[in-house]
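Here is a short briefing to read alongside the sequence and the 3D view. Keep both open as you go through the points.

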Amino acid sequence: MTFDVRYLHLAPFCFEIRTDINKVATNLQQIYGDLFSTTPGIPDYYLTLRSGSGLRKYLRPQARFLADQQEPFKPIDINNGFALLEWGMNWCIATSEMRFVIVHAAVLAKDGKAVLFPAPPGSGKSTLTAWLAFNGWRLLSDEMALVIPGTNQVIPFVRPICLKNQSIDLARNWFPQARFSTVAKNTHKGDVVHLSPPAQSWQQNTEPAKVVAIVFPKYQKAQPLEVTALNQAQAFMALAENAFNFSLAGSEGFHTIVQLVENCQNYEVTYADVAELAEFLEQDVLPYAHP
Amino acid sequence: MHIHNLIIQLFLGKVSGPIPLEDWADIVRILRDQQCLARVGWRLQRYGLGSTLPTFVQHHLKNAELIAQKQYHQVQYEAKLLQSLLQPLTTHLLFLKGAAYSLQDNADVGRGRTYSDIDLLVDKQSLPQIERELCLHGFFAEDLDEYDQKYYREWSHEIPPLRHGSRGTLLDVHHNLLPLMTGRAPDIQLFFSHTQQNSAGYTVFSPAAMLLHSAIHLMLSEEIKHGFRDLTDLYLIIEQYQNPDFWQELTALAIQTGFATELLLALRYNQKILFLPVPEHVIETLQPYKPGSLGMRLLDFIFMHKLMPQHPAFASSGDSLADFLLLLRGHYLKMPFWLLLKHLGRKAYRQILSAFFGSSVLDKNADQHNKK
């Protein structure tokens, strides 16, 4: 079996990618464009997405993810291979990269000021992320915020936005010109599509930004925008819950989270209309922040 | 091979010239897979080479160091808990292998050492109470099929591995160092008289017994995944603790417990691969236990492959033959012949199943897991 060797240059990391699954390769091209190429780099991680062996090739064929020699996940339906690769990349970073405090959060910036959106699945975070990224904000991260310890600085790790279930059609209607991956059906997150952010986000994918606000979004149908300012203790607890490697980074991780919360405006926001939330951020939060 | 030699030179702090970044990428990859990245990072720091390395290398060494540090702290916590739970139930409670390296005061072998489970050695008769107590505190055996259950209960030297329900800590509770059915399991009391307590009150083997256990484990394995790491374990213990008493205790214990050949082999490959100096009289004492020349050549072939910093992406010719011979030898040494046939037959059947239907056919949870 032949595996083409390609490189995925995703600042600040480089992945070597091998796959024998066509659909994975075409999705990689669709989402990452030129960043997925034969131009060699110095790989930080070696990823393989391969079809299953034996009868599995023909009967309910499967895709397997390997991080070098490790296989952290169970095989998945071959049509969902690209989603498996995306999650595998997250896994590599979350389990290996200890020099950042990694928060499970989206990060978007406008005018050099970044907002951190930590949120559990189902809070509408990715829909919000997609909307902002296509309406004048720069995407730094959809799922993992890489915070430099001891600072408010976030390093971009630009990746596609992971849309689930109903938000897929919503995003397709909003941005018909955008680059979408194929649908991964019936995954543990439901139906999933990855959406490539606009060119601006990719072009600036090595420019860090300072976090000025932490916003915990909560989508609630047909509700007016409701903003609650969080005190620092509340914000700390909520943020720490979303920190991947909080315990790994030890006291450094703790101090970083404390400092973030102390230097940011912290809000919990219930919203039904993303435009209304964006307006609040642009008019009432960013102008008063001094990075 | 070029990359293998570079890695050995790095471990020994004897790098002759600058290393190109492409080679560094390979080195980091191999060491990460060998679970040896943090260890080599620590060695390089000790040689004062840490800050001269390319950013790419420093980045990955730091990652590995932080992960190892975390495990070091975690094991202190687990050890405290296990000690308080189990101490009242057993006369002997020893931490073995990786956990022991971490717990031993200032042990070089513990620096940057990572491991996937905590190994304990206890009195056999106290196993039922220990298992019950651990179960009450969240450690449960994983789902095993009947064959594996029977294997553990009748033939093994440990109870089935336990996993903590929320923390995920893996625990191996042993009552001997080798499976009983091998006929090689030593009188464990002989080992119990070579122990020491660290400053926090945890019991581990004395350096000599620790080395012997490590050597036995490595030289009798039927599968070696982290050969280079295991080889450097031995190297580091000897480098730090060797003195005339150490060598005396080591050779006497090895001969007394019937593991002189394993010790001889462990020292031999440390000499051959890592250039470890071994006193002449030690070699002489072990000489009568040296395998015949044909056997020796076979063993050299196997272990000079398996104890190198190996990685499938850098496989050399002979690697897979060495794997096969190792498997055969390991089973042959550890199992009575009739049992070996039965066991291999069973494993072959499972391998055929998975070759035919894919590797997840034997995984009971595969389907549920995917639906979750």
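Chain A of this predicted model contains eight helices and 17 strands. The radius of gyration of chain A is 19 Å, close to the 19 Å given by the globule rule for 291 residues, so the chain is as compact as a globular protein of that length.

**Overall shape and packing**
- Along the principal axes, the C-alpha atoms of chain A fill a box of roughly 60 × 40 × 30 Å.
- Of the 291 residues in chain A, 48% are buried.
- Among contacts in chain A with a separation of 6 or more, 71% are between residues 24 or more positions apart.

**A three-stranded sheet**
- Three strands of chain A make an open sheet with antiparallel pairing, in the order S12-S14-S13.
- The edges belong to strand S12 (161–164) and strand S13 (184–187) of chain A; each has a single partner strand, so one side of each lacks a neighbour in the sheet.
- From one strand to the next, the twist averages 35 degrees.

**How S12 and S14 pair**
- S12(A) runs antiparallel to strand S14 (residues 190–195) of chain A, and four bridges join the two.

Definitions and conventions. Residues are numbered from 1 along each chain as its sequence is written. Chains are lettered from A and ligands numbered from 1 in the order in which they are written. This is a predicted model: local features need pLDDT of at least 70, side-chain atom pairs count only at pLDDT 80 or more; totals for chains, interfaces and linings use all residues. The radius of gyration is taken over C-alpha atoms; the globule rule is 2.2 Å times the number of residues to the power 0.38. A residue is buried if 20 or more other C-beta atoms lie within 10 Å of its own, exposed if 12 or fewer, and partly exposed in between; C-beta atoms are placed from the backbone. Two residues are in contact if their C-beta atoms, placed from the backbone, lie within 7 Å. Two strands pair if DSSP finds at least two bridges between them. Axes are lines fitted to C-alpha atoms, for helices over the stretch in contact, and angles run from 0 to 180 degrees between N-to-C directions.
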